[in-house]
Amino acid sequence: STFVGASFGGIAELYAQIQKAVGATERVFELLNEQPENINGNQPKLTEKIQGNVTFKNVGFSYPSRKEIEVLKGVSFSVKFGQKIALVGPSGAGKSTISALLLRFYDLNSGEIIIDNKSIYDYDLEQLRGNMSIVPQDVILFGGSIKENIAYGKPDASFEEIQMVAKQANALEFINGFPEQFETLVGERGIKLSGGQRQRIAIARALLKNPSILILDEATSSLDSESEKLVQEALETLMKGRTSIIIAHRLATIRSADNILVLNNGIISEQGTHKELLEIESGIYKNLSNLQFSEY
Ligand code: ATP
């Protein structure tokens, strides 16, 4: 399999691949040697936009390359459209796996994933992914201009639209600070943007795509506080009116989530709001929050 995730390149690699795939679904099949059997392009197209109610029903899963290890063992949760759900839990608990399944990168062993009353396997794949955006921890831009990088999810966007989303993503100022502005080349051969700048480009890209469902993987390492504030503001703008599933590391995010899922060893061991979870004496969440969540 080319889709090695944690075994070779780690989760950053997984996200790089997902990011590419979500940006340009037509390339998904080239990216994946190993296609889940259920992935076929023959599903009828929806006429209406996905609203973004997401339900996992008893989802069991193991990676095709490691069938013997059950990564998810009966995971159930629901998130209503427009709500924010935070996934927390120790490394290897299955947080990234949940987002990979939502993007339909693999078939399930058991259970169901439902979006708006319909199994995700009953959607046209391109349409399903067309309704989702990912903002990963470490955004990898491809070689090309800033403009092309923003327009990636919507190649026919006008320059006015691109400027508008750049502004909403708090990116306009730094972009216009470069001599070539939106034509500035980034990526390996271009200028090097900071982590926070790259994230804001990814946020602008997502705003342009206007998805119903967002998957956010929060940075574990803190950006400098000015950049942090700009990224955070841009994320708030992006999340408004969409369903957000956040692999969360920041206390502020977790506090404001409608629901927190504490994953441990492939099961959801605790679930509730920040306040509710802190009331569980010697709970996993309580422990984690003492150790791990960043105040910034
Ligand atoms: P982290 O916080 O470190 O990113 P996580 O909670 O996101 O961890 P996952 O990446 O979902 O955890 O991994 C869950 C389990 O699945 C781990 O045991 C991991 O080694 C395994 N795993 C992840 N990706 C793959 C893959 N592509 N192939 C095989 N096993 C994988």
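The legends below describe close-up views of a predicted model. Residue numbers start from 1 along each chain, in the order in which its sequence is written. For this predicted model, local features need pLDDT of at least 70 and side-chain atom pairs count only at pLDDT 80 or more, whereas totals for chains, interfaces and linings use all residues.

**Figure 1. Confidence of the predicted chain, given as pLDDT (the predictor's confidence in each residue, from 0 to 100).** The protein chain has an average pLDDT of 84, and 81% of the residues score at least 70. Residues 1-11 have a pLDDT below 50, and this stretch makes 17 contacts in the model beyond near neighbours in sequence. In residues 23-38 the pLDDT likewise stays under 50; the model has 27 contacts for them beyond four places in sequence. Two residues are in contact if their C-beta atoms, placed from the backbone, lie within 7 Å. Where pLDDT is low, the predicted coordinates should not be read in detail. The model scores are ipTM 0.97 and pTM 0.83.

**Figure 2. The open sheet of 4 strands, in the order β2-β1-β4-β5.** Strands (E, at least two residues) and helices (H or I, at least four) are DSSP runs, numbered from the N terminus. Two strands pair if DSSP finds at least two bridges between them. The pairing in this sheet is antiparallel, and the edge strands β2 (72-79) and β5 (118-119) each pair on one side only. Strand β1 (residues 54-61) is joined to β2 over 6 bridges, with Phe 61 having Leu 72 as its bridge partner in β2. Between β1 and β4 there are 5 bridges, and Gly 60 has Ser 110 in β4 as its bridge partner.

**Figure 3. The hairpin of β4 and β5.** These strands pair in the antiparallel sense over 2 bridges, and the bridge partner of Ile 115 in β5 is Lys 118. There are 2 residues between the strands, and Asp 116 takes a positive phi near 50 degrees.

**Figure 4. The open sheet of 6 strands, in the order β6-β9-β10-β3-β11-β12.** Pairing in this sheet is mixed. Its edge strands, β6 (132-135) and β12 (267-272), each pair on one side only. From one strand to the next, the twist averages 20 degrees. β6 pairs with strand β9 (residues 213-217) in the parallel sense over 4 bridges, and Met 132 stands opposite Ile 213 in β9.

**Figure 5. Helix α8 against β6 and β9, and against helix α6.** Helix α8 lies across β6 and β9, running at about 175 degrees to β6. Axes are lines fitted to C-alpha atoms, for helices over the stretch in contact, and angles run from 0 to 180 degrees between N-to-C directions. The axes of α6 (residues 159-168) and α8 (residues 195-209) come within 8 Å and cross at roughly 125 degrees. The two helices are therefore oblique to each other; angles under 35 degrees count as roughly parallel, over 145 as roughly antiparallel, 65 to 115 as roughly perpendicular and the rest as oblique. In the contact, Glu 161, Ile 162, Val 165, Ala 166 and Gln 168 of α6 meet Ala 204, Leu 207 and Leu 208 of α8. The contact residues divide into 6 nonpolar, 1 polar and 1 charged, where Ala, Val, Leu, Ile, Met, Phe, Trp, Tyr, Cys and Pro count as nonpolar, Asp, Glu, Lys and Arg as charged, and the others, Gly among them, as polar.
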